[in-house]
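Here's a walk through one chain, from its overall build down to a handful of residues. Have the coordinates open while you read.

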Amino acid sequence: MRYRNLGRTGIRVSPYALGAMMLGAPAQFGNPDHDDSIRIIHRALDAGINLIDTADRYADSEVVVGKAIKGRRDDIVLATKFSGAMGDDPNRRGTSRRWIMKAVEHSLRRLQTDYIDLYQIHRLDPDTDLEETLSALSDLIHAGKVRAIGSSTTPASDLVEAHWIAERRGLERLRSEQPPYSILNRGIETEVLPVAQRFGMGVLAWGPLAQGMLTGRVRKGRRTDARRADLMKVFSDERRLDAVEQLIPLAADAGLSMPHLAMAFCITHPGVTSAIIGPHSMSQLDDLLSGVDVTLDDDLLDRIDEIVPPGTDAGRLDQAYLPPALQQVPLRRRPLTDRSVA
C-alpha cells in the first residue's frame, strides 16, 4: 500500500478504506456472522489497509469492529459516524451537544477503545446550529476522546460555512468529508472536491462501485439482482444502465474487471484520499484487493469522460443528499392564503 495524507491532519491512510457497514448486518443486507466478519477485517488489515470506517447505526458493525481490532488498535485509523436515529426517542439522533456527548460514549463502548481517530457527522441536522455541533466536537478533541472530526455527504456551501464558524469561534475544523463518488456519480467534482482541497480536507469516497452497478453483474434488460432492484431505484435507472453498458466493453478492452476499473478511477482524482470498499465476504475482499495496484492511463480516463462527463451524475443516487428546502414542502411553497398576487 502507498499511504496518503488524510488532508492536513498528518495521519497517513491507505487508498482503500474498509467500510464495515455490511459486517454484522442482517443477512438480507450483509454478513451477520461475527466470526466471519472479523476474519474479513483481519484479512484487510494484513493486506495493508489501515483505515476502518463504520457508524453507530450500522447494526452490529461497531461491535464487530471492536472485537476485530483487539491487540491491533494502535495500528488502525478508526473512523465512525453519528447523527442517525438510534431508537424512537427523538433526542437519540441528530447533532445536538446533548446527543453527541452520549453517542460518543456508546460508540467507544461498542468499539472497545478509549479514542476515535475520526468522528464524523453522518448527516447535518438542519434543526441544530452548526456552531453547537462544532463546539461539542471540539470539546471531545480537547478531552482526548476524538483525534479529528469530519462530515459525510455534505454540500460544499455547508463545508465552507463550517470552516468559517470554526475560524471565527476558535473551534476545531472539519478535517475530512465522506461523499458519494464513482464513475456514475461525479457531481462532487464540481464543488465538493475543490472546496475540500482548498480547505485541506481529506476525502473518503463512499460507493465507488455505485452500489454494485459497477461490478458488471447489473446489466440492462436482466434482472440479475432483483432483490436489490426492489430496494433501490438506481438499479432500474435507464441512464445508469446505459452508462454501465458502455463501460463494460471499455473495461474489457483495457484488460480490467469492472470493479478494478471503478476503484482505480475513484482514487485517481487528486482530491480523493481513500475509496471505501464494503465487502461482506472474503471472496469479495480478495477480488478488490487484487486490483489495488491498477492505474488508468489518460486515454482510458478520457474515454470514461465521454461516457459520464466530469462533474455530472448518470441518473440519481437513492442516497443522494437532499437539502431541507427540497424535502420539506413548506419551505418551497407559500401557504395557500398567501399565494394571491391581487
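Helices here are DSSP runs of H or I with at least four residues, and they are numbered from the N terminus. With that settled, H34 sits in helix α1, which covers residues 34–46. Keep in mind that this is a predicted model.

**The chain as a whole**

In total, the secondary structure amounts to 12 helices and 10 strands. The radius of gyration is 20 Å, close to the 20 Å that the globule rule gives for 342 residues, so the chain is as compact as a globular protein of that length.

How much of the chain counts as buried? The figure is 52% of the 342 residues. The accessible surface comes to about 16000 Å², and carbon and sulfur atoms own 47% of that. As for contacts, take those with a separation of 6 or more: 76% of them are between residues 24 or more positions apart.

**The second largest pocket**

Sorted by class, the lining has nine nonpolar, six polar and five charged residues.

**Residues and their burial**

Leaving out residues up to four places away in sequence, H34 touches G24, D60, V63, V64 and K67.

C266 belongs to helix α9, which runs over residues 258–268. At a relative accessible area of 0%, C266 is buried. Which residues does C266 touch, not counting those up to four places away in sequence? They are Y181, A205, P208, V272 and A275.

S283, in helix α10, has a relative accessible area of 54%. Exposed means over 50%, so S283 falls in the exposed class. S283 and I40 are 243 residues apart in sequence, with 9.4 Å between their C-alpha atoms.

Here are the burial values side by side:

| Residue | Relative accessible area | Class |
|---|---|---|
| A210 | 0% | buried |
| Q211 | 12% | buried |
| C266 | 0% | buried |
| S283 | 54% | exposed |

**Loops with something to check**

A210 is part of the loop between β9 (202–205) and α7 (226–231). Its phi is positive, about 55°, although A210 is not a glycine. With 0% relative accessibility, A210 is buried.

Where is Q211? Q211 is also in the loop between β9 and α7. Phi of Q211 is near 60°, again a positive value in a residue other than glycine. Q211 has a relative accessible area of 12%, which puts Q211 in the buried class.

Over to another loop: V294 is found between α10 (282–289) and α11 (298–307). Setting aside neighbours within four places in sequence, V294 is in contact with L256, H260 and A264. The C-alpha atoms of V294 and M263 are separated by 8.6 Å, and the two residues are 31 apart along the chain.

Key: Residues are numbered from 1 along each chain as its sequence is written. This is a predicted model: local features need pLDDT of at least 70, side-chain atom pairs count only at pLDDT 80 or more; totals for chains, interfaces and linings use all residues. Side-chain values use heavy atoms; hydrogens and water are left out. Ala, Val, Leu, Ile, Met, Phe, Trp, Tyr, Cys and Pro count as nonpolar, Asp, Glu, Lys and Arg as charged, and the others, Gly among them, as polar. Helices (H or I, at least four residues) and strands (E, at least two) are DSSP runs, numbered from the N terminus. The radius of gyration is taken over C-alpha atoms; the globule rule is 2.2 Å times the number of residues to the power 0.38. Buried means under 20% relative accessible area, exposed over 50%, partly exposed in between (1.4 Å probe, protein chains only). Contact means heavy atoms within 4.5 Å. Accessible areas come from the Shrake-Rupley method with a 1.4 Å probe; for residues, only the protein chains shown count as cover.
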